[in-house]
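I have a new model open and want to jot down what I look up as I go. Here is the structure, and my notes follow.

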Amino acid sequence: MKPGATDVRTIEELEKTFRGSEELARRLARVIHERFNQARKVLGLDSIKIMNFCGTHEWTIVHFGLRSLMPKGLELVAGPGCPVCVTPSKYIEDAIRLSLDGIRVYTYGDTYKLRTINEVRGVTSLEEAKAMGGDVKLVLNILEAIKDSRNNGKEAVFLGIGFETAAPAYAQAVLSGKMPDNLKLLSLAKLTPPAMFYAMDILREKPPEPPVMGVIAPGHVSTITGAKAWEPVAENYSVPVVVSGFEPLDVLLSIAEILRQIISREAKVKIEYTRAVTWSGDLKAQAMIHKVFETVDDAWRGIGFFPLSGLRLRDSFARMDAFKQFGIKEIRPEEWRKDTPPGCRCAEVTLGKAKPTDCPMFLKKCTPEKPYGPCMVSLEGTCAVWARFGGGGVADEIARELGL
């Protein structure tokens, strides 16, 4: 057997189980329809909204046309599940400035085209900065940045964007002692639970129609945090929370479980993604994150400040901290202003208050090839997913033609 053959077979078996079982998908769809009708009677509502908090879940829902399988009145909406989309314009402006001053900026590909609100020497993205002679280099991870910066010896900064899934790699890089003195980390990592609490608060203060009555929690993040991270959501907002995997059947099973809990008048955290997620999570990763980072109130682009939602390097690692070494100022709550472009509705899309198709810019001034708003930049952005896979339109039309 060739090296890796077992892994390939395992992946193929998983795909066959969670993607290839059409009959099981149809059975689950029937269960969802039946439970939805029961849940409506229990709640006394004509419609129910379920929110997912991961860009990959939104990709699955759109790519596989899962909305077309839902009963009329059951709405699936995306939440703040894209770290690039909520990275404040100000910090990208700082990175552009550094690159134009000759400091090498390492960044992920989806951050490369992220546009800023303010111009920096006529530049509004790292892509434009590179075209103007700025030192910008695309990398897949922080290890590539470490290797390149060690080889060239230039002053450099790595844009540490991401949620809890990215933070352990940054922490490990800091703790390993392998980061060269010329490389600094601009930690822009964020924590997902505070965003979920904030979104639920906003939606409860100004309730949309229909109300959010269930949450599909992010599977990748939960491998680190554990399902326990979502218990306050279920307890404080009295809604079912299901930690879901990312295949179509994972999502359908999670929706069915949320409806089951509504019918039973329960509000508990359940793990559907048991093949990867535990209740306690990765304790070693959590310990590394805690050792390297402190939690701070942080700005989320277009939305506002979330309490204790950002990760910054502790003072003991100040020599690696780009904020301190390059004099980058933190955004203060009293200075923060909405930092989405005029006419852009990314903030509402991110909070589940609007669909991408509600935005007048969608697929007009704002496209995947030339993104105008932050939700169109990243592959995890709701607008980018809908633009690429026809969310909210094409899938529904096909379903109607098939009589679904």
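**Asp 321 and its partner.** I looked up Asp 321 and found it buried, at 3% relative accessibility. My cut-offs here: buried means under 20% relative accessible area, exposed over 50%, and partly exposed in between, with a 1.4 Å probe and protein chains only. Asp 321 makes a salt bridge with Lys 324, at 3.2 Å from N to O. By salt bridge I mean a side-chain nitrogen of Lys or Arg within 4 Å of a carboxyl oxygen of Asp or Glu. Lys 324 itself is partly exposed, at 41% relative accessibility.

**Ground rules.** I note that this is a predicted model, where local features need pLDDT of at least 70 and side-chain atom pairs count only at pLDDT 80 or more, while totals for chains, interfaces and linings use all residues. Residues are numbered from 1 along each chain as its sequence is written, and side-chain values use heavy atoms, with hydrogens and water left out. My helices (H or I, at least four residues) and strands (E, at least two) are DSSP runs, numbered from the N terminus.

Is Asp 181 buried or exposed? Asp 181 is exposed, with a relative accessible area of 58%, while Arg 319 is partly exposed at 44%.

I also checked Arg 345 and Glu 348, whose side chains meet in a salt bridge at 2.7 Å, N to O. Arg 345 is partly exposed at 25% relative accessible area, and Glu 348 is partly exposed at 27%.

**The four-strand sheet.** I traced an open sheet of four strands in the order E4-E3-E5-E6, with parallel pairing. Two strands pair, in my notes, if DSSP finds at least two bridges between them. Strand E4 (136-138) and strand E6 (183-187) are the edge strands, each pairing on one side only. Neighbouring strands here are turned by 25° against each other on average, direction ignored. For angles I use axes that are lines fitted to C-alpha atoms, for helices over the stretch in contact, and they run from 0 to 180 degrees between N-to-C directions.

Strand E5 (residues 156-160) runs parallel to E6, with five bridges between them. Leu 159 has Leu 186 in E6 as its bridge partner. Helix H7 (residues 142-152) lies across strand E3 (104-107), E4, E5 and E6, at about 160° to E3.

**The five-strand sheet.** Next I followed another open sheet, with five strands in the order E2-E1-E7-E8-E9 and parallel pairing. Strand E2 (74-78) and strand E9 (269-271) stand at the edges with a single partner strand each, so one side of each has no neighbour in the sheet. The twist from one strand to the next averages 20°.

How much of strand E7 (residues 212-217) is buried? I find six of its six residues buried. Four bridges join strand E1 (residues 48-52) to E7, running parallel, and Ile 50 stands opposite Gly 214 in E7. Three bridges join E7 to strand E8 (residues 241-243), again parallel, with Val 243 in E8 as the bridge partner of Ala 217.

Thr 192 belongs to helix H9 (residues 192-205) and is buried at 1% relative accessibility. Leaving aside neighbours within four places in sequence, I see Thr 192 in contact (heavy atoms within 4.5 Å) with Phe 163, Glu 164, Pro 218, Val 221 and Trp 230.

**Helix H12.** Last, I checked helix H12 (residues 248-263), whose 16 residues reach 23 Å from first C-alpha to last, close to the 22 Å expected at 1.5 Å a residue. That expected span is 1.5 Å times one less than the number of residues. H12 is mostly covered, with 13 of its 16 residues buried. Just after H12, Arg 265 takes a positive phi of about 55°.
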